[in-house]
Amino acid sequence: MLDHILSILIFFPAVAAVFGFMIQKDSMRAYGVAVAAIEFALSLWLWYAFDNSVSGMQFMEHLPLVPSFGINYTLGVDGISLFIIILSAFFTLLGIGSLTDTPNVKYMIITLLFLQMTMAGVFAALDAIVFYVFWELSLVPMLYIIGAWGGPLRIYASIKFFLYTFTGSLVMLVGMLFMAYFYYQATGTWSFALLDWYRLILPETIQLWLFVAFFLGFAIKVPMFPFHTWLPYAHGQAPTIGSVILAAILLKMGTYAFIRFSLPLFPDASAFFMIPIAVIAIIMVIYTAMVAYAQKDIKQVIAYSSISHMGIIILGTFALNVEGISGSIFLMLGHGVVAGALFLLVGVIYDRRHTKMMSEFGGLAHVMPRYATIFGIMMMASVGMPLTINFVGEFLSLLGFYQQSHILTLLAGVGIIVGAIYMLAAYKKVFFGEVTNEKNENLPDINKKELFGLIPLVIVAIWLGVYPKPVLGPINKSVESIVQLMHNKSTSELAKARIPNLIKKRVLVIKKTVVEEEVR
Amino acid sequence: MLSPINVSMESLNLMTLAPMLIPVVGALLILVIDVVKGGLHKSLYVVLSLLFLAMDFVAIVDSSGVFMSNGTMLGVFDVMLIDGLAILAQFIIVGASMLFIPLAMTHKRFHEFSYPEFFALFLFMIAGFQFMVATDNLILIFVGLETSSLALYTLIAMHNREKSFEAAVKYFTMGALAAGFFSFGAMIFYALTGSVEINKIALVLAANGYADMGFVLVGVAFFLAALGFKLSLIPFHTWAPDIYEGSSAAMAGYMSIVPKIAGFVVAMRLFEFLVHSHIVWLEIVLYIFVVVTMTASNMWALVQTDVKRMLAYSSISHAGFVMSAILIGTTQANSALFLYWILFSFTNLGSFSMLWMSRQKHLPDNQSSDHSYDKFAGMIKTAPVAALIMGLFMLSLAGVPPFALFWGKLYLISSAVTSGYTVLALIMALNSAIAGYYYLKLIVYMFMKEPIIADGGHVYVSNATLALKTIIGIAAIGTIFAFLAINPLLEFITAFVYNSGY
């Protein structure tokens, strides 16, 4: 069974979703929780069976799909994708478990299970076309979730979300076809297998163009400035569960794809574009932090803070060294946990008052103390307080980029301070002071169902903040091999200088001592 | 005194005619049955047509076996040319017709199907299309074109609505003009080379080094116009939306597939050698046609208020998309054309059949057209299965993987990439994104709006019978599980296209 655990992880929720049509409406929630729990258990089993000492791909599966055109159903996980898969199963479970009263809850759960299939597929795929299939397919359930259960502008928001991403990914598809063609030219066979592509060394000019094509697809998904405009709409209109999954998992697809595709395939281009992309990332961090400060709607504050955090993830990724990339992957997980939790928390208050305007609240700490506590912990985690999960990732990302550029890292650090300002200000407005709005006087505190979603997130946020090693270890291992691959593949001087060499250093030192001995 | 001509029957190779003769015999049989005993139920004729089409299909399978072992066959004074293109195109023509004809078995009674002539004409039309693709003789192409077109005009008019007459007359007028263009083009090429066979024309033109370039271009211009009408390329597309609107949804779906594949094969035979002899003018004009057709029709499709008209513009756009294969002209591109069209015929017939299933006999007062978007609002609440299937077809048309049409797009864009048409590949990709919007619009109506029609979803399946449901089921399964069939299809198509020298 372990041989096919990835396929099971991908298709189990989909099959369960199809059978879900037969379930009676009132029993659907229990069914959804059960399926998601099995899926989560499977993903934990994957972690248990995962060999921490191996840096390459594990649990590989291979099945020819269109062999004459080089398309194969190839799956595999390494330390980079493992934890994102677990995170996605985790959030599907929490999301379904803490689902509040939703009309048509049956369809919602079926859609979420399909979404889980696409998420597991994206992170497990090792063939560009299989990756693309799941990547595009993930848009459809999200479109439906935003469009059918969203706010008043839901249709506009969902279409904007779909078309933006769809356009970007089509350009990426052309890039993939070029990549396969270059592979065909070099070897005489068609292949879309990522591990085959890793072996291909392309001239720098071609790398630059292909990098741009892939970049468009990924950057829109992340979303990077100036392609970020769909995100506030999508978050603003989406129901709580939609925002949670979107922020926690779907956005990570973009940053994950940078690490999986852009960096190892185009090391020279990555080094070439490092500074421009870092500038964009810093604009994301600072500009969106400022925009977040100006928001009146608390959900928009968190939406913009998401973009801001994604900026730091990008910065870490394009540090092109082990610290930066490991940090950015860890921050993906951290941001997933924290942003997911914050959106769940906003959902709690929205269910009670049907408004997300901060001006409507104030003094909630008196009325809902437990809610205020959890929100406070998550808010602190979001601003990157030490001993919380985000601190580890942010620190490592910035540390990584500090080796490339001091000034830019300092600027990004300023962005984090602004982040602390707007989050604390928002917290102050909602929770502190006297209860001014009499509608808030009798709000019930957080209930069991909501605690089911939030308590595990709090535990994870603190546990991984205090002791990140069990997760950081495997990540580090796989990142080292990717960085080494990039260094070996890079041809330009710039790339050689920017991407550190992890092996040769040691060899050189030994040689020196030998030489010295001979001289003596 | 004429001397008697001795022709051995062997050299005539009459078996090449078998696939075309089967539907002709079937059509005559249907007419005879009607003469002997009139007033029989349409189900008899549907099943008879289906049987003859099945026989036809088997005959084509047979000739494909012969092609695999012996290569291209000539027959009947070398007029018939059974090569890989002819066989592939006939597979699509007959296959799509077999999927179409059961759609006549609607729950409600529609005028046209009560006439046996409808089915006879239908079979004659198929024979016409088969002749059109299985020859490189310009005269036989013309005969096939006219046989099929005349039958098609009548089939449209038989729908017996005010708009169908308008559509039929419009189509007839335009078609006559196109036929005129075609004969002028053939005439010019005959005058230039003394032959009406495309391969000989190519040989003679190459031999004298395209000396009379001016005349060649005039001839090409005529052919472009004639085939442009058939393939509804912009600016010759103006008939298409009106005629799709006027004919029944099933017929519209059929027209978006079968006549066009016949047109594509003729275009491939005609233009391919010209493109390969580096006639820059033709390349540029084709490039412009392709880009303008797919882009402009996408724009028009955006603003339609009727689903059928939207699908009409969308199929124009798909035709433009596929026309790029002829511009590119490599084996990969030509294979991609057939792959695309096979997948497209499943998806498009499926989506038009969904419209056909929801067709009301009389237009209700609150609806401006048969298939307005409003009609489909909130379909997921009242008819969830139908809505899911329709949504599936829309996603496939938009090119969302892993559904059928994605693979066609993938392979076609890849062929553009491989041949160095980078800009074209990008334009094709971006057009798919634009097209995404209007397919999404229907999904938005179906899944995200509140129902307007309050009859519990009956309207969406009001025409449903077992036959219709079967066809839609086949189309849906073909659309979802296409990824399993891509590899055998691709190998089969590539072998056929490659062995015919395209």
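Biologist: How many residues does helix H20 of chain A have, and how far does it reach?

Modeller: H20(A), residues 448-466, has 19 residues and reaches 27 Å from first C-alpha to last, close to the 27 Å expected at 1.5 Å a residue. That expected span is 1.5 Å times one less than the number of residues. Helices here are DSSP runs (H or I, at least four residues) and strands are E runs of at least two, numbered from the N terminus. This is a predicted model, where local features need pLDDT of at least 70, side-chain atom pairs count only at 80 or more, and totals for chains, interfaces and linings use all residues. Residues are numbered from 1 along each chain as its sequence is written, with chains lettered from A and ligands numbered from 1 in the order written.

Biologist: Where's the kink in H20(A)?

Modeller: At A:Leu454, about 25°, shortly before the proline A:Pro456. The bend is the angle between axes fitted to the seven residues ending there and the seven starting there.

Biologist: OK, confidence. What's the mean pLDDT of chain A?

Modeller: It's 89, and 97% of the residues of chain A reach 70 or more; pLDDT is the predictor's confidence in each residue, from 0 to 100.

Biologist: Which element of chain A has the lowest mean pLDDT?

Modeller: Helix H23 (residues 504-519) of chain A, at 52, while helix H5 (residues 128-137) of chain A has the highest, 94.
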